[in-house]
Amino acid sequence: MISSRAPLSKWTAGLFFVSFLIYLVIVNRLEVGQFGRVADLASFSSRMLMNLPSSGSGDSSNLHDTISNSGVITAIDNMVNQIGVAGSELTETRVKDISNEIAKQIADYVVQRLGKTATNSNPCFGCWKYGNATDLPVIYLVTPTYRRPEQIPDLTRLAQTLLNVPAVHWIVVEDSSTLSPAIASLLKRYGIPHTHLKAQMPDKYKKSKFKPRGVANRNAALDWVRSNCKSGVVYFADDDNTYDIRLFEEMRFTKKVSMWPVGLVTKVGLSSPVVNDKGVVVDFFDGWMANRKFPVDMAGFAVSVQLILEKSDVYMPYVPGHEEDGFLKKLDISPADIEPKANRCTQIFVWHTQTKSNTPANRTTAAGKRYKGTNIDTLQEWIV
C-alpha cells in the first residue's frame, strides 16, 4: 500500500523550493527597480502577485518575466518529473491553493521589507474615481453584528462591497463576550483596514420586548473613533443592507452631517429627507414619523469625525426606534447643517434589504457516524 503522506511531502518540498526561487527573483527586481508598474513601493501587496496581468498586456512585460524566468520553469519541471504519478492523489485545486498561499506569504514578507505590511496596503480593486487614495478623508464604517445563521454571509457581502472603496476603515463590533475567530478570519482574509471590537448589550435590556439592538456596539465604535481619529467621516452600516459604492463617495467630504434616501424601509418603502428646489432639507418622509425630529434610517446619514470629537459626550440612546433621532438631536444640528446627497436626495444608493432569517441548523444528521471524520465535520464550524 502506498503511503498517502509521501506525495504530499514531496509536493510541499517542491513548492517551497519554487517559492524560494520566486522570492529571490521578486526581491532582486524590487531592489533594482524593475517593477516598472509599481509607482509607489509602499502600495505593493500580495494582491499584485496573485493577480498578475497576462503576457498579452502591453505594459506587463517586466511582471511577466518574473513568472517566466527559465530557472523557475526548470525547477517546476524537475519537481513534476520527480513526483511523477505519485502526486496523482493531489487535486489541481489543492495544488493551486497551496501555491496561492505560498505566493501570499512571499508577497507579505517582501512588503514587510519595504516597511509596510500587506494588510495595511490599499486593498481597493475598483478605486474607480481616485487614482491615489492616500489623501482622501477616511470613512470609518461601523458595523454592529451578532451571531446568527446569516452573519457570515452578510459580512461577506459587505466585505466584497468595501473592496471597491478607497480610504475606508471597517469597525466591526460584535454583540458578544468574546471575539469570533470566524469573523477575525474573514477580516484578515479580505485585507480591508479594520478594527475588531466586542460590546454586549447591557443585561437590563436583554429581556425587553423591544430591544435596543446595536446601540452598545455603535457606542463602543464612537469611543474608538474619539480615541484614534482626528478627521474623516463616520457611517453606521448594518451588515444586512445593500450598498451602491457611489454612496461612499457621496458621504466622504461631509462637513457636519450628510443625508440621503434609504430604500425598502417600512411599509412606504422609503425613508428620505425632503429637499426643496433650493437644495435645502425642509422635512422628512418616513413610514414611521413617531414625533421624531429626525425620522431617518440608520443607513441614511453620516457624521464628520470633527463633529463627533466636538460633541464628546454624545452617544446613541438605548431607546428602541429612537436611536438615530436621539443621537442626531444630541449633536445639536439644524436643518441648515444637513447636506443632502445623492443628487439632492433624488437617488437611492442604499437599501434595507434585510437578509431572510433562517432557523438554527439541526445538527443531528451531521453528527451521525456516516459523516464522522469527513468535510461535513469541518463545515459545521460555519453553521449556526
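This is a predicted model: local features need pLDDT of at least 70, side-chain atom pairs count only at pLDDT 80 or more; totals for chains, interfaces and linings use all residues.
Residues are numbered from 1 along each chain as its sequence is written. Local features need pLDDT of at least 70 and side-chain atom pairs count only at pLDDT 80 or more, whereas totals for chains, interfaces and linings use all residues, and side-chain values use heavy atoms, with hydrogens and water left out.

The unreviewed UniProt entry places the feature "active site" at Glu-324, although such annotations may be inferred rather than shown by experiment. Glu-324 belongs to helix H12 (residues 323-330), helices being DSSP runs of H or I with at least four residues and strands runs of E with at least two. With a relative accessible area of 9%, Glu-324 is buried (buried means under 20%, exposed over 50%, partly exposed in between, with a 1.4 Å probe and protein chains only). The side chain of Glu-324 reaches the backbone nitrogen of Met-298 at 3.1 Å.

The model has 12 salt bridges, each defined by a side-chain nitrogen of Lys or Arg within 4 Å of a carboxyl oxygen of Asp or Glu. Arg-148 pairs with Asp-154, the closest N and O atoms being 3.0 Å apart, and also with Asp-239, at 2.8 Å. Because Asp-239 lies in the loop between strands E4 and E5 and Arg-148 in the loop between strand E1 and helix H6, this pair ties together parts that are 91 residues apart in sequence. Both Asp-239 and Arg-148 are buried.

Val-280, in the loop between strands E8 and E9, is partly exposed, with a relative accessible area of 37%.

Conventions:
A polar contact is a pair of N or O atoms within 3.5 Å; within protein, one must be able to donate a hydrogen and the other to accept it, and residues adjacent in sequence count only if both atoms are side-chain atoms.
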